[in-house]
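Let's walk through this structure together, one feature at a time. Have the sequence and the 3D view ready as you read.

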Amino acid sequence: MTNAFDDREKAFEAHYRLDQETQFKVKVRRNKLLGLWAAEQIGLAGAEAEAYARTVVESDFEEPGDDDIVRKVVGDLRARSIAIDEERIHKQLHKLAAVAREQVVGEIGKKG
């Protein structure tokens, strides 16, 4: 009976780790997609857009939650005289979270 319990515990831990890893990948992908979207608003393309998107992803590690990434994108857009508010960025984040989840889960499915 102990082996069965240990096996279930190990399976639960593995599932939990996979869920946490997936959530992290989705959040990073969502942030990258937001960065690419903002880069398009600014007029960046190609390597410049990718580089900007990386700065957006990195900005999310400054503090817990999404406020740091929202501040960065709003500030960058406003610095280029693009009128935007935090609510629009939050809506874009929500929209892109669904896209990111679909992409990441699809990629995981292809590996499995």
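Glutamate 107 and arginine 29 form a salt bridge, with their closest N and O atoms 2.9 Å apart. A salt bridge here is a side-chain nitrogen of Lys or Arg within 4 Å of a carboxyl oxygen of Asp or Glu. This pair links distant parts of the chain: glutamate 107 sits in helix 4 (residues 86-111) and arginine 29 in helix 1 (residues 2-42), 78 residues apart. Glutamate 107 is partly exposed at 37% relative accessible area, and arginine 29 is partly exposed at 22%. (Buried means under 20% relative accessible area, exposed over 50%, and partly exposed in between, using a 1.4 Å probe and protein chains only.)

A word on the model: it is predicted, so local features need pLDDT of at least 70 and side-chain atom pairs count only at pLDDT 80 or more, while totals for chains, interfaces and linings use all residues. Residues are numbered from 1 along each chain as its sequence is written, and side-chain values use heavy atoms, leaving out hydrogens and water.

## Bridges within a helix

By the salt-bridge rule, the count comes to eight. One of them joins lysine 72 to aspartate 76, with the closest N and O atoms 2.7 Å apart. These two are four residues apart in helix 3, which means about one helical turn separates them. Lysine 72 is partly exposed at 23% relative accessibility, whereas aspartate 76 is buried at 17%.

Lysine 91 and glutamate 87 also meet in a salt bridge (3.3 Å, N to O). Both lie in helix 4, four residues apart, about one turn of the helix. Lysine 91 is exposed, at 55% relative accessible area.

## Two helices side by side

How do helix 2 and helix 3 pack, and at what angle? Helix 2 (residues 46-59) and helix 3 (residues 67-79) pack at about 145°, with axes 8 Å apart. Axes are lines fitted to C-alpha atoms, for helices over the stretch in contact, and angles run from 0 to 180 degrees between N-to-C directions. Helix 2 contributes Tyr52, Thr55, Val56 and Ser59 to the contact, and helix 3 contributes Asp68, Ile69, Lys72, Val73 and Asp76. Contact means heavy atoms within 4.5 Å.

## The whole chain

The protein chain has four helices and zero strands. Helices (H or I, at least four residues) and strands (E, at least two) are DSSP runs, numbered from the N terminus. Along its principal axes, the C-alpha trace spans about 65 × 30 × 20 Å. Of the 112 residues, 29% count as buried.
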